[in-house]
Amino acid sequence: MFGWNRKQFFTASSCFGAWTLDAFDYFILVFVLSHIAEDFNAEISLVSYALVLTLVCRPLGAYLFGKYAEIHGRKPVLMMNILVFSVIEILSGFTPNLTIFFILRALYGIAMGGVWGVSSSLAMETIPDRARGFMSGLFQAGYPFGYLIAGVVYGYFFQYLGWRGMFMIGAIPILLIPYIYFFVEESPIWKANNAKNKKFDFLASIKTHYKLVIYLVILMIAFNFLSHGSQDLYPTFLKEQKHFDVRTIGNIAIAYNIAAIFGGIFFGSLSEKIGRKKAISIACILVIPATYLWAYGDTVLALTIGACIMQIMVQGAWGVIPTYLNENVPSHTRSTLPGLIYQLGNVIASANALIQTKTAESMGNNYAVVMSIIIVVVAFVIIVLIPFGKETKGTDLHH
């Protein structure tokens with residue numbers, strides 16, 4: 001496909017796998033929030049602080065792991081990153097109380113923060129230029145694919161594993177390390193920069209590109225509210241407001257994540273033809289009418305269809321982001337700046353879970369109203385912001 005050779009295929013698959021399994025580990029918590037709350041005799045809104053901590057700590061991970069990847073290469077840092085978050089997942093399953101659980105989820109946030117920037121730069125710098133739109137959509141589709149795996153495990157194995165066993169399963173990403181070690185080559189662009197002694201200077205890059213960084217961070221705040229606002233509390237909404245059982249919730253999650261994967265790949269590929277900005281705008285415009293069925297459907301079928309349409313559009317817009325961010329920044333900052341920009345957007349968006357749970361609980365667990373308002377507002381904000389950015393389709397990543 002697209003003239004990829006074996007090494008490029010190995011790189012693309014390993015980066016997709018890393019982001020998929022990282023997302024799987026994150027979404028385990030989304031499914032078991034209420035179960036952890038019951039086990040520790042706490043409110044769901046209190047336990048949702050674990051999601052907030054994870055998101056808040058991700059920029060630190062993006063900077064630390066990204067910095068080392070600029071200096072030592074994308075490949076070894078990605079392996080180290082995967083090892084760290086896999087170990088933390090195992091420890092999360094053994095946590096004796098909520099305080100230690102919060103600490104572990106904060107540490108997991110640091111580890112998770114590094115994966116996106118390092119793996120996206122490795123992928124974008126390795127594959128052929130004409131495949132970047134498709135690879136962007138495929139790579140970002142790893143996020144809903146991880147959500148999909150979490151939904152399958154929750155829907156069909158939770159009764160046997162419990163929430164602690166779910167986190168034990170979260171250590172599976174460690175199996176990626178030998179695959180990356182033996183089959184994946186270092187980024188050719190990083191090798192070229194290293195040969196030219198092109199040093200990483202974070203502060204100089206920020207000073208030179210501060211207007212671009214500010215714009216992209218604001219854009220990522222809106223994007224992360226769009227993603228987390230449509231996903232994080234949806235299983236809780238189905239359980240607490242619609243009173244669906246575990247199997248039904250799992251099946252709905254499977255359906256809308258399959259749709260999300262399709263959306264990411266479709267709009268990512270579309271951006272290679274019509275441009276990054278147009279593809280994002282079309283997806284976000286279609287989010288708005290999709291909101292009604294997604295939040296206010298009366299039956300399992302209606303909610304499933306609504307959730308599928310919603311995630312096609314949400315993850316469709318997101319499918320353009322990996323290549324868009326990587327095309328916007330200099331080559332010697334590509335492991336750091338895109339990931340940091342993305343994760344800084346998460347810092348503000350980390351308030352989403354708390355806002356939704358607190359407001360919904362104050363309204364008698366009416367999650368539908370809260371979620372729909374957030375989604376419509378942030379979709380509109382993205383539509384307004386996108387024209388202010390530059391079109392990056394066709395950018396030469398070597399410069």
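1. Basis. The model is predicted, with local features requiring pLDDT of at least 70, side-chain atom pairs counting only at pLDDT 80 or more, and totals for chains, interfaces and linings using all residues. Residues are numbered from 1 along each chain as its sequence is written, and side-chain values use heavy atoms, with hydrogens and water left out.

2. Salt bridges overall. The whole structure contains eleven salt bridges, the criterion being a side-chain nitrogen of Lys or Arg within 4 Å of a carboxyl oxygen of Asp or Glu.

3. Glu125 and Arg74. These two residues form a salt bridge in which the closest N and O atoms are 2.8 Å apart. The pair links distant parts of the chain, 51 residues apart: Glu125 is in the loop between helix H5 (98-124) and H6, and Arg74 is in helix H4. Helices here are DSSP runs (H or I, at least four residues), numbered from the N terminus. Glu125 counts as buried because its relative accessibility is 4%, and Arg74 is buried at 0%. The classes are buried under 20% relative accessible area, exposed over 50% and partly exposed in between, with a 1.4 Å probe and protein chains only.

4. Arg105 and Glu89. A salt bridge joins Arg105 to Glu89, with 2.7 Å between the closest N and O atoms. Arg105 belongs to helix H5 and Glu89 to helix H4, so the pair ties together parts that are 16 residues apart in sequence. Both Arg105 and Glu89 are buried.

5. Arg132 and Asp129. The side chains of this pair meet in a salt bridge at 3.0 Å, N to O. Arg132 is buried, with a relative accessible area of 1%, whereas Asp129 is partly exposed at 43%. Asp129 and Arg132 also belong to one network with Glu272, Arg276 and Glu327, joined by salt bridges that share partners.

6. H6 and H12. Helix H12 (residues 246-274) packs with H6 at an angle of about 175 degrees, and the two axes are 7 Å apart. Axes are lines fitted to C-alpha atoms, for helices over the stretch in contact, and angles between N-to-C directions run from 0 to 180 degrees. H6 and H12 are therefore roughly antiparallel to each other, a label for angles over 145 degrees; under 35 counts as roughly parallel, 65 to 115 as roughly perpendicular and the rest as oblique. The residues of the contact of H6 with H12 comprise 19 nonpolar, twelve polar and three charged. In that count, Ala, Val, Leu, Ile, Met, Phe, Trp, Tyr, Cys and Pro are nonpolar, Asp, Glu, Lys and Arg are charged, and the others, Gly among them, are polar.

7. Surface patch. Leu83, Val87, Leu91, Ile172, Ile174 and Leu175 make a nonpolar surface patch of about 510 Å². Patches are made of residues with over 30% relative accessible area and no salt bridge; like charges are joined within 9 Å and nonpolar side chains (Val, Leu, Ile, Met, Phe, Trp, Tyr) within 5 Å. Accessible areas come from the Shrake-Rupley method with a 1.4 Å probe, and for residues only the protein chains shown count as cover. Ile174 is in the loop between helix H6 (132-169) and helix H7 (176-183), and is partly exposed at 36% relative accessible area.

8. Gly73. This residue is in the loop between helix H3 (49-72) and helix H4 (74-93), and is buried at 0% relative accessible area. Gly73 and Val118 are 45 residues apart in sequence and 9.2 Å apart in space, C-alpha to C-alpha.

Technical notes:
Helix = DSSP H or I, 4+ residues; strand = E, 2+ residues; numbered from the N terminus.
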